[in-house]
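Dear colleague,

I am passing a structure on to you, and below it you will find some notes on what turned up when I went through it. Please read them with the structure open beside you.

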Amino acid sequence: MRDQIPVISKPEPSVDHRLTTSGITLLEVMVAIAILAIVLVSVYRMHSQTLTMNTAARFYTQAPMLAQSKLAQIEVDSSGIADTDSGDFGDKFPGYTWRISTEEVVSEALGEIAADLKRIDMTVVFNSDEYSYNVRTYRLIRE
């Protein structure tokens, strides 16, 4: 017989050793969820701010036009301007309301003309005073 070289085989890894080296640990999953939660909260907050800014921009674009149209409508109306009045803009602009108030102008410098001059304050509001737009104008109204 020839000299036989004994073959040394590697010992089989234990079952426990295989389980610990493969897969994802609970700690890794928890860290991934924490990172995901931080990112999602930031994205949600940014989206919420974007919606709020969009609503505000839309209001401050539409409110001057609505106030101007309402003032023109009141000026054309034959019944004249009431001391105080309020209303809404109908189904085309839900949530938008307006208030108007007028006062006599008292001025010594203007003399008799001041008797025909009225100060008109118009307020356009959206979502029950969440957003408010005020405009003041003066009109010469002969009675």
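Asp121 is buried, with a relative accessible area of 17%, where buried means under 20%, exposed over 50% and partly exposed in between, with a 1.4 Å probe and protein chains only. Before going further, please note that this is a predicted model, in which local features need pLDDT of at least 70 and side-chain atom pairs count only at pLDDT 80 or more, while totals for chains, interfaces and linings use all residues. Residues are numbered from 1 along each chain as its sequence is written, and side-chain values use heavy atoms, with hydrogens and water left out.

Asp121 forms a salt bridge (a side-chain nitrogen of Lys or Arg within 4 Å of a carboxyl oxygen of Asp or Glu) with Arg136, and the closest N and O atoms of the two are 2.6 Å apart. This pair links distant parts of the chain, since Asp121 belongs to strand β3 (residues 117-126) and Arg136 to strand β4, 15 residues apart; helices (H or I, at least four residues) and strands (E, at least two) are DSSP runs, numbered from the N terminus. Through shared partners, salt bridges join Glu103, Arg119, Asp121 and Arg136 into one network. Asp121 also pairs with Arg119, at 3.5 Å between the closest N and O atoms, and Arg119 is buried too, at 19% relative accessible area.

By this rule, the count comes to 6 salt bridges. One of them joins the side chains of Glu75 and Arg139 (2.4 Å, N to O). Glu75 lies in helix α2 and Arg139 in strand β4 (residues 131-140), so the pair ties together parts that are 64 residues apart in sequence.
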